[in-house]
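Subject: Structure handover

Hello,

Here is the structure I said I would pass on.

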Amino acid sequence: MPPQPNDRLQGTLDLLVLKTLASGPMHGWSVALRIQDVSRDALLINQGSLYPALHRLEDNGFVSSEWGTSENNRRAKYYRLTARGRKQLEVETQSWERFAEAVSLVLRLA
Amino acid sequence: MVAYPLARFFRRVRLLLDRRAFERDLDEEMRFHMDMATARHLERGVAPAAVRPLITKEFGSMDRYKDEVRDARGLTVSDDMARDLRFAVRTLRRTPGFTVIALLTFGLGIGANAAIFSVVNAVLVRALPYPNAPRIVRAYEQVKGQPGVSSVSVLNWQDWQREVTVFEALGSFVASGAILGGDAEPERVRATYVSAEVMPMLGVKPMLGRWFGDEDVKGKQNVVIVSEALWRNRYGADRGIVGRTIRVEGLPFTVVGIMPASFNFPLGPLQTQVWLPFIPPDMALDPRARGWHWISVIGLLKPGVTVQQANADLVRVVARLEKEYPIAIANRSAAVVPMRDDVVGRVRPTLLLLLGAVVLVLLIACANVANLLIARNAARRKDAAVRVALGASRGQLVRQRLVESVVLALGGALVGLGFAYAGLRVLAALSGPMLPIVGPIAMDARVLLVLGAAAVVCGLVFGIAPAMQWTRSGVRHELADLTVKTTAGTEMRRFRSALVVTQIALSLMLLVGAGLLMRALVTLQSTDSGLTTERVVTARLAVPNRYTRDNTETEQLLGPLLERVRAIPGVRQAGVVSLLPIEETGATVSFWVDDRPWPKSGTEPFAEVRTVSPGYFATMGVPIKAGRDLEERDDSMSVTKVVVNETLARSFFPGENPIGHRVLQGSADRYFEWEIVGVSGDVRQSGLAEAPRVEIYTSYRDMRANFARGDVALVVKTSIADAAVVPDLRRALKTVAPDAALMNVRSMDEVIAQSLASRKLILVLFGSFAGIALVLAASGLYAVIYYLVAQRTREIGIRMALGADRARVLRLVLRQGAALALGGIAVGLVGATMLSRLLAGLLYGVGTHDPLTFVTVPVILGAVALVASLVPAWRAARVDPVVALKTD
């Protein structure tokens, strides 16, 4: 099965997580922080919803996880993008851009 | 990426197997997040008391997200499943009586199926044990317009080899026997002569040494290939045997190969022990021998060639050969048959019939379990109502019930495995060498897979109706008013009645089938074979090749042996026969009589031919109706003397005395003249179920008409217990010919019993199935009537309070049972007439509409049904009106 764009709502969060992980392996907490920082707190999502997203991505084989040691010496679960995930990120990004374009087109013309 | 779903599946299974670790990890992961968040908030100066609410606001509900994670991992579904499973097991354990009966009932049904399917799998499904199996075919000669096929003559085989284009190779073989000697005790072994093409065609490599090559079949030197079993047993698994010389039929042969233990050719329950190169005797190459059909032909189709194409090509070649040899091949054709059909074709219909019968048993068992489930669920209505009230959805209830019935079915399948295992052992003991077994009968992976799938399907089938009870209206009412009798109850009653009617109908079918088979067997057993078999011992006499080679079999072995045997005290008469009647058949010759104009070439009549010694008729109790027995002086010196049977005399010399008339054996242009000196009584030569055919007996002294080359049957009539003479027989043989052997010593009665063994086996199986079916149907009827009485206790109480006497109540209930039984019997009779048509081939002398069976069986079934409903009826009649009205 070739990578396919996800259902839009869930997919958006998955896309953000994938994009974040593209910069390197990190644990759930850093993903949350990073999304918050980068989006300048504009995205109001429950941090907890990251975890179903991460597990969903792992279940799909887009990310893999392993336990490691965090900055403050605690056991933490690190997620890493897989090759399959990298491909999915491309598909999702393109799909999102097309969608955003279409929406802005509609907004401009309507 | 195609393999991805599989990777996910394994990942999920891994999580499932260590659920606790998964939960621990998930908890730790989220707690780490919380701790980090807490630390960050504190760092930023949030008051410690305000941290927790803040985090809760940011994070959301931890429980909810944990659930979502479990969902994402596919654990929720399996959790539900696990809960349902646990619930099912708990419920089943709470009602042990019900569970045990259901497990045994279903186990019996599915176990019988597993056993029969194992046989079907071993015989009909599993691939033949040759790498090239799908392309291997047998080729036969055939008489145009006649059913059946015959062996092939050597000359025809050689012409086919040259002219037919569809085969990669076309080989031939002859199954026979040989005597090994020289290095140890002489031993009679099963030997098969194979042409050079055969072994490479089958594709099984020798475990040591080589196959035969072209130079071997040219007979430059004597070579032999031995089986693994023989190598192990006789030669002590000595690998050095290859290249060594052993004695076969007294001649030195070099062992060139050992075939692996798995190799079995020709296929059969008794494995061949040595293979020798097939070198056609000069006799068979004589142009006159083109009509001598005696070798088996086996071919390997070229890749992509179908059996039909091969058949067409072979028929074309035979048609061309017919032009070249218009007399020898007159009116003949040929047929190509897939190897498997050749091996198992005969038993296929019987096996499929048994499989059908056993599936009926399974259906009855399923109906029974469904009935039990409905009754048990009725008792649990309140429990279900409470669960609905507490918020369980109907769907959940149905799912739980289905899981329960599938668990029950799988449990039953495990019990059934036990039954099947035991059943297979019995079956193997009973069937002996009757099945053309392609490999061992075992419950292999395929059997287990089919068994498991069948169990799940059955679980769903017998569970669906009882489970659907919960979706009907009325469950909720149970709590509101426990005495409300809902329409759902009526529907269920009707459904259960339908189940019982079906059960009775199906068991009637099986019982009628078993009854017909039994009648046929009884008829056969009382059929006059034409022989008087009391105190007759038979044995196969293995004649070493040297006698046949030198044409000295009669003079040096059989004659002197019979003289000695007749001198043994307790022996009244003795004789030899080329083919033991009832058991052995197959030698036929074309013939005509006297000077009448010959029929068109190729349409001459055929006669069975047996070569006998004088005294054979007296030994077997076959009366000489006219003329005389053959005598020792009927040898090759004067015209050939023969005895014919009454059927021949009646058909060809009606109203005449056949003595002195002539039988012309051969064809119009070339025949032998035989003189009829006697007429014998008819014998059912080819089995009790076959009417006597035209038969000619020739003398073992007359070499021009001796069909007893090689092994013969020795028959001895004794005046004392027949087993007592056997040691003396062996001693007599040892004196005459130390290298000959007596094998398979049996009384003639045993021979006849064995000829009926496969019918007995079918009857035993069919009868057991019918018996199981009867018991299941009776208990199903009992349960329904019992339940009916229980439900109507109050009504019965009212009736009795209003003056109905006990006899009336008894009748009332019995009428219910009778209605169901009669319905089932009526439907069953229709089914039975259809089933009996399938059995027609096995119903010797009975016919498919045997009135006795069709009357007796319904009566018996009716009686059983009466008893089954009498017990609950009795209970109803003893209802105490006062008690009945007080309880609900």
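This is a predicted model: local features need pLDDT of at least 70, side-chain atom pairs count only at pLDDT 80 or more; totals for chains, interfaces and linings use all residues.

Residues are numbered from 1 along each chain as its sequence is written, chains are lettered from A and ligands numbered from 1 in the order in which they are written, and side-chain values use heavy atoms, with hydrogens and water left out.

Chain A

Chain A has four helices and three strands; helices (H or I, at least four residues) and strands (E, at least two) are DSSP runs, numbered from the N terminus. Along the sequence they follow the pattern α-β-α-α-β-β-α. Of the 110 residues in chain A, 44% are buried, where buried means under 20% relative accessible area, exposed over 50%, and partly exposed in between (1.4 Å probe, protein chains only). Among contacts in chain A with a separation of 6 or more, 52% are between residues 24 or more positions apart; a contact means heavy atoms within 4.5 Å.

In H3(A), 10 of its 10 residues are buried, including A:Leu50, A:Tyr51, A:His55 and A:Asp59. Just after H3(A), A:Gly61 has a positive phi of about 80 degrees.

The interface

The contact between the chains takes 30 residues from chain A and 27 residues from chain B. The area buried between chain A and chain B is about 2700 Å², and carbon and sulfur atoms give 53% of that. Buried area here is the accessible area (1.4 Å probe) that two parts lose on being put together, summed over both. A:Trp29, A:Tyr51 and A:Asp59 supply 25% of the area that chain A buries against chain B, more than any other three residues.

Across this interface the rule finds six salt bridges, a salt bridge being a side-chain nitrogen of Lys or Arg within 4 Å of a carboxyl oxygen of Asp or Glu. B:Asp35 and A:Arg74 meet in a salt bridge at 2.6 Å, N to O.

On the side of chain A that touches chain B, helix H2 (28–38), helix H3 (50–59), strand E3 (75–81) and helix H4 (83–109) each supply at least two residues. The largest share, six residues, comes from H3(A).

Chain B

Over all chains, a search of the whole structure finds 47 salt bridges. One of them joins the side chains of B:Asp84 and B:Arg399 (2.7 Å, N to O). B:Asp84 is in helix H5 (residues 75–94) and B:Arg399 in helix H16 (residues 394–431) of chain B, 315 residues apart. B:Asp84 is buried at 2% relative accessibility, whereas B:Arg399 is partly exposed at 33%. B:Glu608, B:Arg610, B:Glu690, B:Arg693 and B:Glu695 are linked in a network of salt bridges.

B:Lys641 is in strand E16 (residues 640–645) of chain B. B:Lys641 is buried yet has no salt bridge, and the nearest side chain of opposite charge, B:Glu675, is 4.3 Å away; for charge, Lys and Arg count as positive and Asp and Glu as negative, while His and the chain ends are not counted. The side chain of B:Lys641 makes a polar contact of 3.2 Å with that of B:Ser638. A polar atom of the B:Lys641 side chain also lies 3.2 Å from the backbone oxygen of B:Val639.

Most residues other than glycine have a negative phi, and most peptide bonds are trans. B:Asp594 is not a glycine but has a positive phi of about 55 degrees, and its place is the loop between strand E13 (588–593) and strand E14 (606–612) of chain B. B:Asp594 is buried, with a relative accessible area of 14%. The peptide bond from B:Phe265 to B:Pro266 is cis, with omega near -10 degrees.

Regards

Methods
A polar contact is a pair of N or O atoms within 3.5 Å; within protein, one must be able to donate a hydrogen and the other to accept it, and residues adjacent in sequence count only if both atoms are side-chain atoms.
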